[in-house]
Amino acid sequence: LIHPIVVYLLVLTGELLKVLNRFYKRKEMQKLAADQGLDARLFHQAFVSFRRYVLEMNSLNADFHIILSDICCGAGHIDDIFPYFMRHAKEIFPMLDCMDDLRKISDLRVPANWYPEARAIQRKIVFHAGPTNSGKTYHAIQRFLAAKSGVYCGPLKLLAHEIYEKSNDAGVPCDLVTGEERISVDPEGRLSGHIASTIEMCNVTTPYEVAVIDEIQMIKDPARGWAWTRALLGLCAEEIHVCGEAAAVDFVTELMYTTGEEVEVHNYKRLTPFSVSDHAVESLDNLKPGDCIVCFSKNDIYSISRQIEVRGLECAVIYGSLPPGTKLAQAKKFNDPDDPCKILVATDAIGMGLNLSIRRIIFNSLVKPNVNEKGEKELDTISTSQALQISGRAGRFSSVFKEGEVTTMQRDDLPVLKEILGKPVDPIETAGLHPTAEQIEMFAYHLPQATLSNLVDIFVSLAQVDGVYFVCNIDDFKFLADMIQHIPLNLRTRYVFCTAPINKKQAFVCTSFLKFARQFSRDEPLTFNWVCRHVNWPLVPPKNIKDLVHLEAVHDVLDLYLWLSYRFMDMFPDANLIRDIQKELDGIIQVGVCNITRLIRATEDQPTPAENTASTGLAVLDTPPLKRGRGTKNQRKDPRMTDSSLSSRLVRDGLLTKELLQQLQREWVREQSQHGEDSNSANKGKRKKK
């Protein structure tokens, strides 16, 4: 029998649950909580914690106990719980006590006011609008070169290097500033009047006569858009020359209206025509000199380059994770009329930053893997803007081919491509923002116990922005913040470390980042010898694809060292020595990429475990690349894409090879048959006993 006291407690618990759930569902309570800073998400979290607190506490405060008893007996009102609920909520969410101060700090509604130096002068804004290969950037750079002082802000190190070289070749002294590199043309290190930089590195307090902001449409980029917003609103230059798609003209004009500055628009047309072919390529046997096959995965690049080699042709290879030197070397090899290499296999990394003599762009697929807001991998059809950016690489004004052609590999994709290219480019409607180190430090003053990741989370949840702005994706920042949270660093140092440009998919790079932070926290300088031991320098040319991927990761680690060396010079003292071995490593990687088909053959000959397949991104190389349709809305009836089974998805994502899948199937059949035999034996035994 159950003791009467136990029965009473069970009944009381049930009554309490009913009361608390009624409190949770009351709209009036949710509204009151929202007025005190608890949005729907925080209200739910606070309630779950409060309910656990009420049900699990051995003894509650006497006054709260009386209130609950009265409500259970029908003598009290359920709203009387609210003060106790808020008291508990403030214990688990300390920011509720200083919500007004935090809201003021995270008020991002007038970002133009963050740049008093720019607001103190009347700037002239000139928008050079046009498609790729229209001469828009050329005209902006001519004004840059003619000015007494100027700054060029581009999206890529390659573009900054190009302007740096062009400027100095034209007799205009120009320095280079990127996250990982500083080059001063003056022997004594004095700053030149002109600077070519990546956009994140531009100085918004230095006065210039002319500033050039390239690829302005990237102001809407979910991760990097804040850098274009900062440059456009903050650069302290008499003239700001903005280059980009015409789809951004209206938005930039609207944005400049908030600063009281008018926009002068210069429109440009493409210098050389390109046309969409009426026929798909369909087979690699139909390739011609000057062709560039565009893929959206390394897997497809490996597969196609291997199949091209089987046909006795040479091809150059370019993809995003290759070092800049290797990309330039492959571009030079492809452009050289005397080189037997006449075919290029590349990702959309060719969309900007490289001068290539391409006659025909061939889309291997029109579907590109993307990561959505929830961090999930999706396959989406490329946008009109992306398609035009890539297609525009065919038939450049300065190349051998004066007219370009665009087509697809698959026949079914050709009408889809024509439809995409026939649509107008979606207008730019928003600009990115990002919390500064100063804002996060002010948050930390009010919330001294919060982690950096939590501080940024709270900042974003409280941030107030105008309709034309959004807060950029901070998932990578939080990933790094959580990784080094246990390492003792001051807040400013921790913030700087977490803004480092790192590919979090590379395990070796993440491990190195962690070791760098740990060594830094011990106040032990990261010397050249320490880094060499860590990366096992010297390194040898790769023997297979896995080796090549690792060398690319090591190059990224050396990039990370150089990036940190310009922010913490005392702790990363050997930047010059690291740069020397990085150049040597670039050469080793170039050798590997030149022999990529041999590396692929070597990988095919080895029984590759599933985890190696995942780390290299290499799936089955002897099968043709996956043919993808138009995306989630109009999915092609391709069995390889419509099959949503776990095994199909693992193979499609490169986490499992077909050989391993077949082996698993054979083992499964064996186990089932063995299990069946055991069951039959057991059943016979039972029948005998009966």
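Two strands count as paired if DSSP finds at least two bridges between them, and strands (E, at least two residues) and helices (H or I, at least four) are DSSP runs numbered from the N terminus. Keep that in mind for this tour of a predicted model, where local features need pLDDT of at least 70, side-chain atom pairs count only at pLDDT 80 or more, and totals for chains, interfaces and linings use all residues. Residues are numbered from 1 along each chain as its sequence is written, and side-chain values use heavy atoms, with hydrogens and water left out.

Of its 690 residues, 49% are buried, meaning under 20% relative accessible area with a 1.4 Å probe and protein chains only; exposed is over 50%, and partly exposed lies in between.

Next, select the open sheet of eight strands, ordered β4-β3-β5-β2-β6-β7-β1-β8 with mixed pairing. Its edges are β4 (182–183) and β8 (263–267), each pairing on one side only. Zoom in on β4: two bridges join it, antiparallel, to β3 (residues 174–177), and Arg-182 is the bridge partner of Val-177.

Now the cysteines. Finish at Cys-532, which counts as buried because its relative accessibility is 9%.
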